[in-house]
Amino acid sequence: MAERALRGMTIGAKSMESEDNVEYAARFIAHFDCPNGHEIPVTFAVEAEVPMVWECPTCAEEAVLRDHDKPEPEKPVKQPRTHWDMLLERRSIEDLEVLLEERLALLRSGQLHADRMRQRSA
């Protein structure tokens with residue numbers, strides 16, 4: 001049985017997946033300045049909220065975010081699309097007016113109501 005054992009790979013310890021075609025999150029480096037003169041670069045995701053203080057790994061003092069007085073540029077806010085916006089992507093106002101007139105004509109003739117009554121009784 002020992003002759004059949006898998007050799008050369010620790011099962012479960014390493015991933016068999018490659019990093020090909022992997023898109024990492026957008027990142028940036030924030031710099032923190034320690035009162036003892038240490039500079040601490042910390043990598044954050046673009047969407048992350050950066051804290052104002054960070055503990056210095058060298059002396060355990062509170063390091064302050066460099067250039068923290070500068071306002072962060074606001075991210076553009078994407079306006080949510082309404083049902084009306086999505087409808088206008090598919091049809092023009094003229095097409096909608098034609099459809100409205102057709103439906104109103106069916107409703108006024110009583111044909112629309114009769115179709116619903118037949119569906120309920122079936």
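Q: How much of the chain counts as buried?
A: This is a predicted model. Of its 122 residues, 10% count as buried.

Q: And the surface?
A: The accessible surface comes to about 11,500 Å². Carbon and sulfur atoms account for 53% of that.

Q: How many helices and strands are there?
A: The chain has 3 helices and 4 strands. From the N terminus on, the order is β-β-β-β-α-α-α.

Q: What about contacts, how many join residues at least 24 apart?
A: That share is 22%, counted among contacts between residues at least 6 apart in sequence.

Q: OK, core next. Which residues make up the largest nonpolar core?
A: It has 10 residues. They are Ala30, Phe32, Cys34, Ile40, Val42, Phe44, Val50, Cys56, Ala63 and Leu65.

Q: Which one gives the most?
A: E2, with 3 residues.

Q: Pick out Val50. What does Val50 touch?
A: Leaving out residues up to four places away in sequence, Val50 touches Phe28, Ala30, Phe32, Phe44 and Leu65.

Q: Switching to aromatics. How many aromatic pairs turn up in the whole structure?
A: A search of the whole structure gives 3. One of them is Phe44 with Trp54.

Q: What numbers do I need to describe a pair like that?
A: A pair of aromatic rings is described by two things: the distance of the centres and the angle of the planes.

Q: Then why is the Phe44 and Trp54 pair called edge-to-face?
A: Their ring centres are 5.7 Å apart and their planes sit at 85°. The cut-off for edge-to-face is over 60 degrees, so the pair of Phe44 and Trp54 at 85° is edge-to-face.

Q: Where do the two sit in the chain?
A: Phe44 is in strand E2 and Trp54 is in strand E3 (residues 53–55). They are 10 residues apart, and the pair links distant parts of the chain.

Q: Is Phe44 buried or exposed?
A: Phe44 is buried, because its relative accessible area is 11% and the limit is under 20%.

Q: What about Trp54, what is its relative accessible area?
A: The value for Trp54 is 31%, so Trp54 is partly exposed.

Q: Which residues do the ring pairs link into a cluster?
A: Phe28, Phe32, Phe44 and Trp54.

Q: Last one. What lies over the face of Tyr24?
A: Arg27 does, at 6.0 Å from the ring centre.

Key
Residues numbered from 1 in each chain as written. Predicted model: local features only at pLDDT ≥ 70, side-chain atom pairs only at ≥ 80, totals over all residues. Heavy atoms only, no water. Core = buried A, V, L, I, M, F, W, Y, C linked by side-chain atoms within 4.5 Å. Buried < 20%, exposed > 50% of the residue type's maximum accessible area, 1.4 Å probe, protein only. Contact = heavy atoms within 4.5 Å. Phe/Tyr/Trp six-rings, centres within 6.5 Å; stacked < 30°, edge-to-face > 60°. Lys NZ or Arg CZ within 6 Å of the ring centre and 35° of its normal. Areas by Shrake-Rupley, 256 points an atom, 1.4 Å probe, with all protein chains shown as cover.
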